[in-house]
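Please read the following walk through the structure with the sequence and the coordinates open beside it.

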Amino acid sequence: MPVLTSSAAQRLDDEAATRSIREIAEYLQGVVGQRIAAAIAGLADARQIGRYVRDNGPRPHGATERRLREGYKIVRMLSDAYDDKTARAWLFGTNTRLDDRAPIDVLGAATDTADFTSVVRAARQVASFQA
């Protein structure tokens with residue numbers, strides 16, 4: 001399994017910041033599914049992810065867009081290091097680095113930098129682990 005290097009993490013950060021939100025939503029919908037992507041974004045209506053994927057679809061604002069971008073980083077690093085199934089499972093497992101909360105719950109409710117940073121840091125630790 002590949003280990004997440006600091007240069008790979010930087011490339012992923014850059015990619016998450018520069019990709020269109022349509023591409024981000026499309027990736028998440030394809031890898032974790034529309035409902036999980038909506039939970040990552042903190043959305044009650046999973047169909048909204050499908051709307052973001054449309055060429056002329058709406059754009060999320062504020063924290064919703066940031067949740068999608070940070071969620072993209074998390075899912076990409078875990079899928080690249082392990083696989084899509086492991087990335088989905090990690091999102092729902094309780095995590096001691098997050099005060100025994102599930103990463104998807106922390107991310108879906110995140111509004112400040114500390115919340116986003118804690119989830120990304122926890123994912124990086126898992127993706128950087130070498131067996």
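**A helix and its surroundings**

Helix α8, residues 113-128, has 16 residues and reaches 22 Å from its first C-alpha to its last, close to the 22 Å expected at 1.5 Å a residue. The model is a predicted one. The residues of α8 that are buried are Phe116, Val119, Val120, Ala122, Ala123 and Ala127. Around the axis they cover an arc of only 155°, which puts them on the same side of α8. That buried set packs against α5 (62-81), α6 (84-92) and α7 (103-109).

Helix α6 can be read in the same way. Its residues Ala87, Trp90 and Leu91 are buried. Seen down the axis of α6, these buried residues fall within an arc of 100°, so they line one face of the helix. Lys85 and Ala89, on the other side of α6, are exposed. The cover over the buried residues of α6 includes α2, α3, α5, α7 and α8.

In soluble globular proteins, nonpolar side chains tend to be buried together. Here the largest nonpolar core has 42 residues, and those with the most contacts inside it are Leu28, Val32, Ile40, Ile74, Val75 and Leu91. Two or more residues are given to this core by each of α1 (6-18), α2 (21-32), α3 (34-41), α4 (47-53), α5, α6, α7 and α8.

Which residues does Ile40 touch, not counting residues up to four places away in sequence? The list is Leu28, Val32, Arg67, Gly71, Val75, Leu91, Ile104, Leu107 and Gly108. Leu28, Val32, Val75 and Leu91, among the contacts of Ile40, are also among the residues with the most contacts inside the core.

A search of the whole structure for aromatic pairs finds 1. Tyr27 and Tyr72 form this pair, which is edge-to-face, with 5.0 Å centre to centre and 75° between the planes. Tyr27 lies in helix α2 and Tyr72 in helix α5, so the pair ties together parts that are 45 residues apart in sequence. Both Tyr27 and Tyr72 are buried.

**Charged side chains**

How many salt bridges does a search of the whole structure find? The search finds 13. In one of these, the side chains of Asp13 and Arg124 meet at 2.6 Å, N to O. Asp13 lies in helix α1 and Arg124 in helix α8, so the pair ties together parts that are 111 residues apart in sequence. Asp13 counts as partly exposed, at 22% relative accessibility, and Arg124 is partly exposed as well, with a relative accessible area of 25%.

Another salt bridge joins Arg51 and Asp45, with the closest N and O atoms 3.2 Å apart. Arg51 counts as partly exposed at 23% relative accessibility, and Asp45 counts as partly exposed at 27%.

Within α5, Glu65 and Arg69 are 4 residues apart, about one turn of the helix. Their salt bridge has its closest N and O atoms 2.9 Å apart. Are these two residues buried or exposed? Glu65 is buried, and so is Arg69. Elsewhere, salt bridges that share partners join Asp13, Arg66, Glu70, Lys73 and Arg124 into one network.

Glu70, a member of that network, is found in helix α5. Its relative accessible area is 11%, and because the cut-off for buried is under 20%, Glu70 counts as buried. Not counting residues up to four places away in sequence, Glu70 touches Leu107, Phe116 and Val120. Phe116 and Val120 belong to the buried residues of α8, the helix with which this account began.

**A loop position**

Gly57 has its place in the loop between α4 and α5. At 23% relative accessibility, Gly57 counts as partly exposed. The C-alpha atoms of Gly57 and Arg22 are separated by 8.0 Å, while the two residues are 35 residues apart along the chain.

Note on methods: Residues are numbered from 1 along each chain as its sequence is written. This is a predicted model: local features need pLDDT of at least 70, side-chain atom pairs count only at pLDDT 80 or more; totals for chains, interfaces and linings use all residues. Side-chain values use heavy atoms; hydrogens and water are left out. The expected span of a helix is 1.5 Å times one less than its number of residues. Buried means under 20% relative accessible area, exposed over 50%, partly exposed in between (1.4 Å probe, protein chains only). The arc is that of the directions from the helix axis to the C-beta atoms. Contact means heavy atoms within 4.5 Å. A nonpolar core is a set of buried Ala, Val, Leu, Ile, Met, Phe, Trp, Tyr and Cys residues joined through side-chain atoms within 4.5 Å. Rings of Phe, Tyr and Trp (its six-membered ring) pair if their centres lie within 6.5 Å; planes under 30 degrees apart count as stacked, over 60 as edge-to-face and the rest as tilted. A salt bridge is a side-chain nitrogen of Lys or Arg within 4 Å of a carboxyl oxygen of Asp or Glu.
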